[in-house]
Amino acid sequence: MAGTANGLAPHYWYVDLTIHSLWSLLAIRPNLPVMLDGQELPARARRELDSIRYAIRLAEA
């Protein structure tokens, strides 16, 4: 997730692509953050999804 968060910095040329990719992923898999409640994900995937969920909560605040 750190790479994704860093990619959201507006001075990078690929910021539009990063944002669109994240948006597309969440659009087709809206339950992705909910997957954290399950046990089938590897630890790294769980941490990254948790970071995404945290970023969404910050944006909504």
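**View 1. The accessible surface of the whole chain.** The chain exposes about 4,800 Å², and carbon and sulfur atoms supply 60% of that area. Please keep in mind that this is a predicted model. Of the 61 residues in the chain, 20% count as buried.

**View 2. The fold, element by element.** Following the sequence along, you will read the pattern α-α-α. For a sense of how the chain meets itself, look at the contacts with a separation of 6 or more: residues 24 or more positions apart account for 16% of them.

**View 3. A salt bridge between E48 and R44.** Here we zoom in on a charged pair. Side chains of opposite charge can pair when their charged atoms come close. In this close-up, E48 forms a salt bridge with R44, and the closest N and O atoms are 3.0 Å apart. A search of the whole structure finds one salt bridge.

**View 4. The helix that holds the pair.** Both E48 and R44 belong to helix α3, which covers residues 43–60.

**View 5. How open the two partners are.** R44 counts as exposed, since its relative accessibility is 59% and exposed means over 50%.

Conventions. Residues are numbered from 1 along each chain as its sequence is written. This is a predicted model: local features need pLDDT of at least 70, side-chain atom pairs count only at pLDDT 80 or more; totals for chains, interfaces and linings use all residues. Side-chain values use heavy atoms; hydrogens and water are left out. A salt bridge is a side-chain nitrogen of Lys or Arg within 4 Å of a carboxyl oxygen of Asp or Glu. Helices (H or I, at least four residues) and strands (E, at least two) are DSSP runs, numbered from the N terminus. Buried means under 20% relative accessible area, exposed over 50%, partly exposed in between (1.4 Å probe, protein chains only). Contact means heavy atoms within 4.5 Å. Accessible areas come from the Shrake-Rupley method with a 1.4 Å probe; for residues, only the protein chains shown count as cover.
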